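Colleague: I am new to this structure and would like to learn how to read its aromatic pairs. Please take me through them.

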Amino acid sequence: CTTSAAHQLLGLPRDATRPEIRARFYDLAKQTHPDVAGAGGSADTAGFVQIQEAYEIMMEATKETSNTSTAASMAMKGGSKWAAARTRHPRSADAPKAPTLGEILCASLRDEPHRVQAVWTDVKARELEVTGVMADVIFRACAHTHAAGDAPAGMSAALQILREAAPQMSAETRAQALVSLLAWCKEDELDCTFDVCNEIGDDDRTPEVLAALSTTFSYFPSGASF
């Protein structure tokens with residue numbers, strides 16, 4: 001796929017900016033990613049692969065001189081390998097797993113963490129399965145917006161998202177999400193941390209979650225415990 005063909009495929013002018021390219025890619029991913037097939041969409045794996053490749057070509061062509069990373073490109077590295085493997089071995093069970101639509105949408109939060117509520121609302125409305133990768137990116141964005149003084153943000157916002165995500169995640173993913181929440185969202189308010197503790201049920205008490213809790217309480221004055 002040439003740069004010219006990439007522009008035509010995405011329907012963008014040659015002088016399109018990186019934010020415009022990202023926005024167009026996310027819009028097209030919502031229409032063509034295989035995950036939307038179950039929701040009555042017109043998903044086409046081959047079509048999505050072409051759009052993904054066109055996106056990466058355009059982003060590379062407009063690469064900034066700084067070393068700032070492109071979040072979605074990072075998220076799609078696995079997708080590129082998956083696309084190439086599927087092209088070579090379309091029926092191979094060993095081919096890398098494609099990033100989910102939810103993972104693609106959440107990848108934008110690495111560049112735009114202030115959009116965490118908007119992205120989560122979209123994920124929830126689409127009833128997309130929440131993966132550990134998604135939870136980690138979402139809670140990191142919550143922590144970033146808290147540090148920036150935005151609202152809603154921080155641990156309280158992350159906890160609300162965790163509660164809302166319950167129908168869309170497995171027990172294993174929930175444990176991973178709790179670890180990410182505690183790792184990223186470190187609050188000055190002990191009450192907020194206790195709210196997270198109260199959310200942790202018997203099934204959530206994996207060694208990783210308990211270790212994350214212990215680390216979290218170590219930030220507070222002696223005497224605080226769970």
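This is a predicted model: local features need pLDDT of at least 70, side-chain atom pairs count only at pLDDT 80 or more; totals for chains, interfaces and linings use all residues.

Modeller: Residues are numbered from 1 along each chain as its sequence is written, and side-chain values use heavy atoms, with hydrogens and water left out.

Colleague: How is a ring pair described, and how many aromatic pairs does the structure hold?

Modeller: A pair of aromatic rings is described by the distance of the centres and the angle of the planes. Rings of Phe, Tyr and Trp (its six-membered ring) pair if their centres lie within 6.5 Å; planes under 30 degrees apart count as stacked, over 60 as edge-to-face and the rest as tilted. The structure holds three such pairs. In one of them, Phe-25 and Tyr-55 have ring centres 4.2 Å apart and planes at 20°, so this pair is stacked. Phe-25 lies in helix α2 (residues 18-32) and Tyr-55 in helix α3 (residues 45-61), so the pair ties together parts 30 residues apart in sequence. Helices are DSSP runs (H or I, at least four residues), numbered from the N terminus.

Colleague: Is Phe-25 buried or exposed?

Modeller: Buried means under 20% relative accessible area, exposed over 50%, partly exposed in between (1.4 Å probe, protein chains only). Phe-25 is buried at 0%. Ring pairs link Phe-25, Tyr-26 and Tyr-55 into a cluster.

Colleague: Where is Ser-108?

Modeller: Ser-108 sits in the loop between α6 (101-107) and α7 (116-125).

Key
Helices (H or I, at least four residues) and strands (E, at least two) are DSSP runs, numbered from the N terminus.
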